[in-house]
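Load the model in your viewer and keep the selection tool at hand. The tour goes from a whole chain down to single residues.

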Amino acid sequence: MDSVFASIVQAPEDPILGVTVAYNKDPSPNKLNLGVGAYRTEEGKPLVLNVVRKAEQLLVNDQSRVKEYLPILGLAEFNKLSAKLILGDDSPAIQENRVATAQCLSGTGSLRVGAEFLAKHYHQRTIYIPQPSWGNHVKVFTMAGLSVKNYRYYDPTTRGLNFQGLLEDLGAAPAGAIVLLHACAHNPTGVDPTVEQWEQIRQSMRSKGLLPFFDSAYQGFASGSLDVDAQPVRTFVADGGECFIAQSYAKNMGLYGERVGALSIVCKAADVASRVESQLKLVIRPMYSNPPIHGASIAMTILKNSDMYNEWKIELKAMADRIISMRKQLFDALSAK
Amino acid sequence: MEYLKPMEPTRIPSNGDSLFQDITLAPDIPIYATTAAYNKDPCPNKLHLGIGVYRTEEGKCHTFNVVKQVEQTLANDLSADKEYLPITGMPEFNKLSAKLMFGSGSPAIKESRVVTVQCVSGCLSLRVGAEFLAKHYHQHVVYLPEPTYGNHPNLISAAGLTLKTYRYYDPKTLVLDFQGLLEDLGSALTGAIVLFHACGHNPTGVDPTCQQWEQIRQLVRQRGLLPFFDCAYQGLVSGNLDDDAQSIRMFGCDGGECFVAQSYSKNMGLYGERIGSLSIVCKTADVARRVESQLKLIIRPLYSNPPIHGAAIVTAILKDRDLYQKWTNELKAMRDRLVQVRRQLYDSLCNKGTPGDWSHFIKQVGMYSFTGLNKDQVDFLTREYHIYMSSDGRINIGGLSSKAVPYFADAIHDAVISSLPSSTLA
């Protein structure tokens with residue numbers, strides 16, 4: 001008898017992760033993997049932040065620590081601190097209890113849970129994503145049940161932002177449509193709107209009732225400052241409107257494989273936020289029940305201890321500075337040629 | 001059994017309203033509501049026999065010593081990094097997990113016919129398997145045993161599969177309804193998927209015997225049904241990892257195909273680390289390779305790649321002879337405690353002369369027991385004795401210390417006597 005899966009076809013390798021597979025197979029001593037989005041040191045090695053190692057030591061030596069299931073929405077303290085990190089310590093949305101936050105499986109998991117929630121509870125099933133965007137975005141949203149359209153973003157002739165095209169396309173989107181925004185350090189172009197352009201985007205979106213869904217995977221990496229990089233998100237939240245935010249600690253805390261992230265939903269009212277939170281649980285429970293403890297514990301340890309938080313900021317700035325200096329070096333090298 | 005119904009989309013709100021104005025407050029999931037009620041209860045004698053988490057004799061959370069040891073080593077290993085794992089997880093973890101379940105001599109493994117992917121514990125292993133079946137398998141009906149783990153219906157229907165049930169537990173005899181099981185699987189839709197609990201059935205503690213498993217296997221293969229095992233208690237039922245995997249190995253070794261969702265939550269105490277795997281045994285190595293490539297397409301838009309830490313712990317233990325030995329010793333001690341508490345409970349009820357046959361406590365296996373108490377009696381236990389358990393009468397034996405057994409036995413006795421018709425008390 002044949003396999004019941006006899007007619008299954010071989011799927012192609014993931015475009016991004018497949019580059020690493022090919023790189024690993026390559027025997028050349030001069031090879032460079034500039035494919036997958038993982039930070040490397042000057043020596044080309046992966047980097048585990050010192051403060052992360054310190055946090056792990058604290059956790060492992062804490063005799064009172066247990067491995068029990070987390071709540072469905074994850075570590076409560078991690079969630080609060082993550083919301084504060086992206087929205088600011090004094091965010092009125094937080095103070096007014098208008099933010100529902102769930103610890104998720106890094107950025108991908110946060111996006112997927114947010115998308116599944118929208119597919120289930122929101123009247124508009126279309127999400128507009130920038131052209132181009134991170135390779136996995138389309139699949140994440142379509143598998144969740146949303147349909148994907150594009151808005152113009154990158155202008156290959158100027159290698160900058162096609163701001164006119166962006167405003168036109170968002171202006172033509174149906175009222176209430178979901179719009180994916182890269183909070184900072186747009187992936188894959190590295191092209192971000194200016195502060196003034198962000199303000200215009202915000203006004204245009206709010207006037208059309210479009211729902212912003214921020215993907216924040218590089219907070220601290222773009223400018224070196226956590227607060228500066230969070231500004232676009234914070235100006236949207238400051239206007240009292242609603243938005244979704246998917247946060248990842250993969251890059252800025254180097255926690256890649258520990259899968260640490262959070263989904264925050266900023267709502268108009270505290271009452272809505274608590275109902276939204278209750279419904280988020282019903283999305284997560286039939287997916288993975290509750291999130292993994294280790295990575296979030298590391299992140300929480302760092303975020304809540306002011307010395308470690310400062311250490312983190314310094315290490316983060318060093319990574320961001322090295323990237324900025326590499327850009328300059330590459331530019332100089334090409335100009336010299 | 002919890003069952004989450006799909007919601008209708010909200011109306012388009014007017015200006016100023018929240019876009020989610022019409023969202024209703026979802027009720028708490030039953031098992032979490034029970035835990036919340038237990039936590040609020042100030043009574044010092046309270047017992048939480050609801051959620052499926054193993055506790056020590058002192059009622060404390062339990063972490064394996066070997067796990068603590070391994071974590072120290074991992075934290076001190078400066079050569080270890082936190083790079084993304086492959087989409088399918090840690091390769092060594094996958095190989096060792098497959099061996100643990102199918103046996104190191106498994107022909108299916110030797111012939112490269114087994115695809116194993118690390119998943120975010122048992123739940124996501126089931127969900128990924130279900131999503132794969134919804135996408136690639138011609139039959140979209142899954143038969144679940146009646147009763148089953150509360151989250152099974154949600155995990156499977158969320159993937160778009162349709163649920164049916166097959167008879168499993170006989171509430172009158174408190175044992176397996178084997179005749180009913182054979183009849184229902186005998187008349188199941190051809191090619192349907194059938195969920196089996198590999199060992200330590202949750203919530204009843206009732207498992208088929210070896211002979212019964214063999215009959216089930218023959219029937220499944222004859223009818224072309226596709227078996228999907230949920231393996232969450234390997235080692236905790238008989239105390240022997242190989243014995244507890246017998247049902248899986250029977251199916252894995254007969255040349256046919258099957259799915260296995262595995263969890264290390266209970267048998268390595270790694271609950272919150274969310275570590276498990278999905279294995280698919282295929283007819284040929286070529287099919288296995290193609291199946292693996294398609295699994296990646298399901299996982300990538302779900303969570304991209306799985307978490308490192310739990311997999312690193314499991315791998316370290318499974319691949320080192322001494323650590324493996326330490327683990328199996330601790331596992332056996334846990335299992336022996338479960339057996340001892342069952343015996344103690346049975347003896348207490350017999351000594352008290354509590355009306356009824358309580359032998360099911362010692363016949364049932366694994367972490368759970370269906371007490372045979374009805375909803376009113378369960379409510380009585382909570383109200384009068386501050387004992388929290390599932391409303392279907394399931395208790396977690398792993399949450400019961402031998403010190404608490406007399407109190408629990410008193411409570412059961414009282415509940416049973418109070419619910420007898422008054423004429424029998426005269």
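What percentage of the 337 residues of chain A count as buried? The figure is 58%, where buried means under 20% relative accessible area, exposed over 50% and partly exposed in between, with a 1.4 Å probe and protein chains only.

Before you click on: this is a predicted model, in which local features need pLDDT of at least 70 and side-chain atom pairs count only at pLDDT 80 or more, while totals for chains, interfaces and linings use all residues. Residues are numbered from 1 along each chain as its sequence is written, chains are lettered from A and ligands numbered from 1 in the order in which they are written, and side-chain values use heavy atoms, leaving out hydrogens and water.

**Stop 1: select chain A**

Show the cartoon. Chain A has 13 helices and nine strands; these are DSSP runs numbered from the N terminus, helices being H or I with at least four residues and strands E with at least two. Along the principal axes, the C-alpha atoms fill a box of roughly 65 × 60 × 60 Å.

**Stop 2: select Lys67(A)**

Look in the loop between α2 (50-60) and α3 (76-87) of chain A. Is Lys67(A) buried or exposed? It is buried, with a relative accessible area of 4%.

Next, draw its side-chain polar contacts (N or O pairs within 3.5 Å; within protein, one atom must be able to donate a hydrogen and the other to accept it, and residues adjacent in sequence count only if both atoms are side-chain atoms). One goes to the side chain of Glu71(B), at 2.8 Å. Another goes to the side chain of Glu273(B), at 2.7 Å. Residues that Lys67(A) touches include Ile293(A), Tyr271(B), Gly272(B) and His309(B).

**Stop 3: select Gly272(B)**

Cross to chain B. Gly272(B) sits in the loop between β9 (258-263) and β10 (275-281). Its relative accessibility is 0%, so Gly272(B) counts as buried. Beyond four places in sequence, its contacts include Lys67(A), Glu68(A), Tyr69(A) and Pro292(A).

How values were computed. Contact means heavy atoms within 4.5 Å.
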